[in-house]
Amino acid sequence: MGSDRLLVIGAGPAGLEAARLAASLGSQVLVVEKRDVAGGMPIHENYAALTHGFRDAGEAMSELISAATGHPNVELRTATEVTAVDGSVGDFSVTLSTGTGDETVDAGAIILATGFQHFDPGRETQQYGYYEFPDVITLADAEAMLKANNFVRPSTGEPPERVAFIQCVGSRDRQIGNEFCSKVCCGISSKQAIEVRQQVPDARVFIFYIDMRMYGYWENEIYWPAQEEYRVNYVKGIVTEILSKNGRLLVRGEDTTMGRPMEVPMDVVVLAVGMEPSLGTRKMAEMLGVATNKYGYIETPHGELDTVSTSVPGVFAVGAATGPADLDDSISSAGAAAAKAVALLRGAEVTV
Amino acid sequence: MSRAAPATTFAQRPGATLAPRAYEDVPYEEKLALWEEVKADPRFPDYLYGCYECGICVAACPSARFYDFSPRKIAQAAAREDVELIFEQMNDDVWNCSQCFSCDRCPRQNSPGGLITILREVAVRHGLASSQEALEGYGRVVYKIMTTGTQVSPDMLQPDAFPDWGPDVKEVSDQLDLWRRALPPETLHTTSTGWEVSEKTLLELYLIWHYSDVMDMIEEVDEGLHMIILDVMEETLEEAGYEI
């Protein structure tokens, strides 16, 4: 006895988009979200403006949430976790748990949209004092301050005179185990650097980087304006350590293109933390038995031309559950997975 | 032998940036004022957008092959508004550029050579000791250009002045007038100037140098030279009815 319902796990941008599209194509969609509210990281982490179009994150996500949950074919359950999955393609049996009890539902296909979490900069070899110095923050911390239009030194509450971004924190690092590039941090740091200059015009802003990875239009829409209009200083060289001196932060590294060591004072240091698979992504992967790569991301093992099918038939993965992804990527993969899942539910043959 | 690069200092001033230790005795405000003057130049926005620090300009630069000189670092310091370093470059680096503008192949459409033009002009205008030193050997060339409108003249070709030009120089200089008259364009039948310059052209050049600030710049660099040039010019200008 099969089911023609689509289960989407995770109500972030990718999950909501997949649900909205599958519903528009006529399928019944159940979206399960473990947090109390839909919207994923942009809402949970208080993003200010989206990268790369600078659109207000709250406003953009509200539209997507309304579009998805407003569709008669979509049912959204928040504060609900998937705790068991049985069956196989066309006939999954899924146990949902809330604080008050369990319920079992059927589904013909599943889309995993369980996303990422930010790298914890206190981990392992990082010597940036995130838990030691209040003025060392992460991109997510900075988003929240920018959203409140109150970018200050956390230790004093005063506007900073000098702000530094350190790229690749928790990414591209064999010692940490995250050898991959997190793809979005260069763009987000540059976007935030522009926002800092807008909100604190007297601040000098520095970005310390290994390579600036500003793909496609990010180049001319974010990187060049940051440098040319907002006079953000890009310095090739990664900070080795952060110390405290005379009440300020002292960042030590090499100014590689100038060929000299540097020790410069800063008021706020923003760590451009990368992405890691979220706890939900890890748990769901294990529960569904889908293959993951060595970093814990869900594998889409069918090559470049199928970016959403997993190793388990009938289970698709989208967005940052499969690896670092920007919003454009997440939304695109959600569309691909929605189309494939709906086709599968209707009994159509979908080949890779 | 390359000297050790100075460490970037722990700059106490809030406005200071990745600062080297050179010229510590010069007040920061003085350096800043010079930089503000560079930025205020109307050509500046066309010469600097942002710098990738990619080095395409260095690879193209003939001076970079022979001197410890990098057009990248010039653009880079300007893009970073590194006031201390810019001052250092204004003193120690900009005179190594031959102003060939090979560096104009920049993907960001910067012109490091153009920046150097402005940096040099500001350095000269403010009589930086280094600009006086750098231009010391060029007094004769400046005199020639500004009084005759042409640069190196054929009669400067003397075997004792340029021994490295080889043994033929003597023969050519002995018969200079003949050799010059063998050239097809009549305007090149000259020995004391590079080519024939009409009185009208010369008058226009003198006026341009007076009404732009070139004469003031010369005075700032070399007062004696300024006086000699002024003498020559005044006569021509007075004859033409101009009072300077």
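Predicted model: local features only at pLDDT ≥ 70, side-chain atom pairs only at ≥ 80, totals over all residues.
## Domains of chain A

Chain A is divided into two parts: domain 1 covers 5-115 + 278-345, and domain 2 covers 119-275. Their C-alpha centres lie 31 Å apart. Across the boundary, 18 residues of domain 1 of chain A are in contact with 21 residues of domain 2 of chain A.

The size of an interface is often given as the accessible area lost when the parts come together. Here the two domains of chain A bury about 1,700 Å² between them, with 63% of it on carbon and sulfur atoms. On the side of domain 1, A:Thr51, A:Phe54 and A:Pro324 lose the most area, together 32% of what that side buries. The count of salt bridges between the two domains is 2.

## Aromatic pairs

Over all chains, the structure holds 10 aromatic pairs. One of them joins A:Phe180 and A:Tyr297 edge-to-face, at 5.5 Å centre to centre and with 75° between the planes. A:Phe180 lies in the loop between strand S10 and helix H5, and A:Tyr297 in the loop between helix H7 and strand S18, so this pair ties together parts of chain A that are 117 residues apart in sequence. Both A:Phe180 and A:Tyr297 are buried.

In chain B, the planes of B:Trp35 and B:Phe44 stand at 80° with the ring centres 5.7 Å apart, so this pair is edge-to-face. These two residues are also buried.

## A ring cluster and a charge

Ring pairs link A:Tyr209, A:Tyr223, A:Trp224, A:Tyr234 and B:Tyr52 into a cluster. B:Arg108 lies over the face of B:Tyr52, 4.5 Å from the ring centre. The charged end of B:Arg108 also sits over the ring of A:Tyr223, at 5.8 Å from its centre.

Key: Residues numbered from 1 in each chain as written. Chains lettered and ligands numbered in written order. Heavy atoms only, no water. Phe/Tyr/Trp six-rings, centres within 6.5 Å; stacked < 30°, edge-to-face > 60°. Helix = DSSP H or I, 4+ residues; strand = E, 2+ residues; numbered from the N terminus. Buried < 20%, exposed > 50% of the residue type's maximum accessible area, 1.4 Å probe, protein only. Lys NZ or Arg CZ within 6 Å of the ring centre and 35° of its normal. Domains from an automatic or database assignment. Contact = heavy atoms within 4.5 Å. Buried area = accessible area lost by both parts, 1.4 Å probe. Salt bridge = Lys/Arg side-chain N within 4 Å of Asp/Glu carboxyl O.
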